[in-house]
Amino acid sequence: MKVSVIIPAYNAERFINRAIESVLNQPETSEVLIINDGSTDSTKEKIKSFNDNRICLLEHENGQNKGRSASRNLGLLNAKEKYIAFLDADDYYLENRFSKDKQVFAMHKDCGAVHNAVGFEVMNPEFDYLKNRLYTVTETVPPENLFLGLLDGLFGHFQIDGFTIKKDILKSSGLFNEKLAVAEDTDFFWRVVLSSKTYTGVIENPVAMRVVHDDNSFYQEELYDNYEFMAYESVLKWTAKNGIEMYVLDRILRRIWIIKHTANDGLWKEIKFWFSLTTLHYRLFFSKLNIKYFPLVRRRKTIFSFLYN
């Protein structure tokens, strides 16, 4: 098994050496595509200091900073191997990162992706409670049940450092959504799971470590809140466009409205939001879901409570 590993790097001088070394130490690593995303520190110099022909340094046109999605996409478009994995520049792989992946892909010829457990290394004392904890998927889940379980958060989540794909699935799943500053990985995971069979790898112990420090965006709640609905809208539009079963669209809309109702924005704002969703694609607009999730219908017992007494 030969793997192309993609590392987007922006001002990662504190961590990039360890990240690169952890990838090079994996016997399955055939190439490491490191995308210097307009760094203004010594990240680029540190990358160039490695004398290993498996390393490929990429940059955006004119050295622009274009974000994680565009950087990963640049790596995906240049990857040469059949299998592709990811690593954030401040994180690192543990020993035998791809051992289980190799077995799973060999066992399941229809496998398009493998998910694995990822742990935490905490550098910020505020998040000490994350130590010795896995928040990734905690049980073996059949591929056909994965999407709805991930959507509702029933058994944990995927993490990009523990995700390995076959390059061919990108033809159906598509690349990362470059409009999403965060939650872009969640949107990508969902599309991969819906377009190919994703199997369980190592879930009891981490195969990589997610580093929690002061400079990453992992716990910037406001940033994530702003993009949460954009991620749902992205996968909703993709599922409608790609002919995914209507019950899947129904569950996505159900999840969206559960969150939307908790915001309590008022009826008029909810109607405007409903219109923006139903006009994403004609399959939504001309389906019964259009009526089912119309805010007046959803809130009928509250708005017209006198009719139900």
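A residue is called buried here if its relative accessible area is under 20%, exposed if that area is over 50%, and partly exposed in between, with a 1.4 Å probe and the protein chains only. The structure is a predicted model, in which local features need pLDDT of at least 70 and side-chain atom pairs count only at pLDDT 80 or more, whereas totals for chains, interfaces and linings use all residues. Residues are numbered from 1 along each chain as its sequence is written, and side-chain values use heavy atoms, with hydrogens and water left out.

The protein has 309 residues, of which 52% are buried. Its secondary structure amounts to 14 helices and 10 strands, helices being DSSP runs of H or I with at least four residues and strands runs of E with at least two, both numbered from the N terminus. Of the contacts (heavy atoms within 4.5 Å) between residues at least 6 apart in sequence, 74% join residues at least 24 apart.

Seven strands form an open sheet with mixed pairing, in the order S3-S2-S1-S4-S8-S6-S9; two strands are taken to pair if DSSP finds at least two bridges between them. Strand S3 (55–59) and strand S9 (197–200) are the edge strands, each pairing on one side only. On average, neighbouring strands of this sheet are turned by 25 degrees against each other, direction ignored; axes are lines fitted to C-alpha atoms, for helices over the stretch in contact, and angles run from 0 to 180 degrees between N-to-C directions. Within the sheet, strand S6 (residues 111–115) and strand S8 (residues 163–166) run antiparallel and are joined by three bridges, and His115 stands opposite Phe163 in S8. Helix H4 (residues 99–107) packs on this sheet, where it touches strand S4 (83–86), S6, S8 and S9, and its direction makes about 150 degrees with that of S6. Helix H7 (residues 184–195) likewise lies across S4, S6, S8 and S9, and runs at about 45 degrees to S8.

A second open sheet, of three strands, has the order S5-S10-S7, again with mixed pairing. S5 and S7 each have a single partner strand and stand at the edges, so one side of each is left without a neighbour in the sheet. S7 and strand S10 (residues 208–212) run parallel and are joined by five bridges, with Met209 in S10 as the bridge partner of Gly119.

The whole structure contains 13 salt bridges, a salt bridge being a side-chain nitrogen of Lys or Arg within 4 Å of a carboxyl oxygen of Asp or Glu. In one of them the side chains of Glu121 and Arg18 meet at 3.3 Å, N to O. Because Glu121 lies in strand S7 (residues 118–122) and Arg18 in helix H1 (residues 16–24), this pair ties together parts that are 103 residues apart in sequence. Glu121 is partly exposed, with a relative accessible area of 23%, and Arg18 also counts as partly exposed, at 33% relative accessibility.

Asp88 and Arg72, by contrast, are both buried, and form a salt bridge whose closest N and O atoms are 2.9 Å apart. Asp88 belongs to the loop between S4 and strand S5 (92–93) and Arg72 to helix H3 (residues 67–78), so the pair links parts that are 16 residues apart in sequence. A further salt bridge joins Arg191 to Asp187, with the closest N and O atoms 2.8 Å apart. These two residues lie in helix H7, four residues apart, about one turn of the helix. Arg191 is buried, with a relative accessible area of 4%, as is Asp187, at 0%. Through shared partners, salt bridges also join Arg68, Arg72, Asp88 and Glu184 into one network.

His60 is placed in the loop between S3 and H3 and is buried, with a relative accessible area of 8%. Although His60 and Ile35 are 25 residues apart in sequence, their C-alpha atoms are 7.9 Å apart in space. Not counting residues up to four places away in sequence, His60 touches Ile35, Asn36, Asp37, Lys66, Ala70, Ser71 and Leu74. With the side chain of Asp37, the side chain of His60 makes a polar contact at 3.4 Å; such a contact is a pair of N or O atoms within 3.5 Å, where within protein one must be able to donate a hydrogen and the other to accept it, and residues adjacent in sequence count only if both atoms are side-chain atoms.
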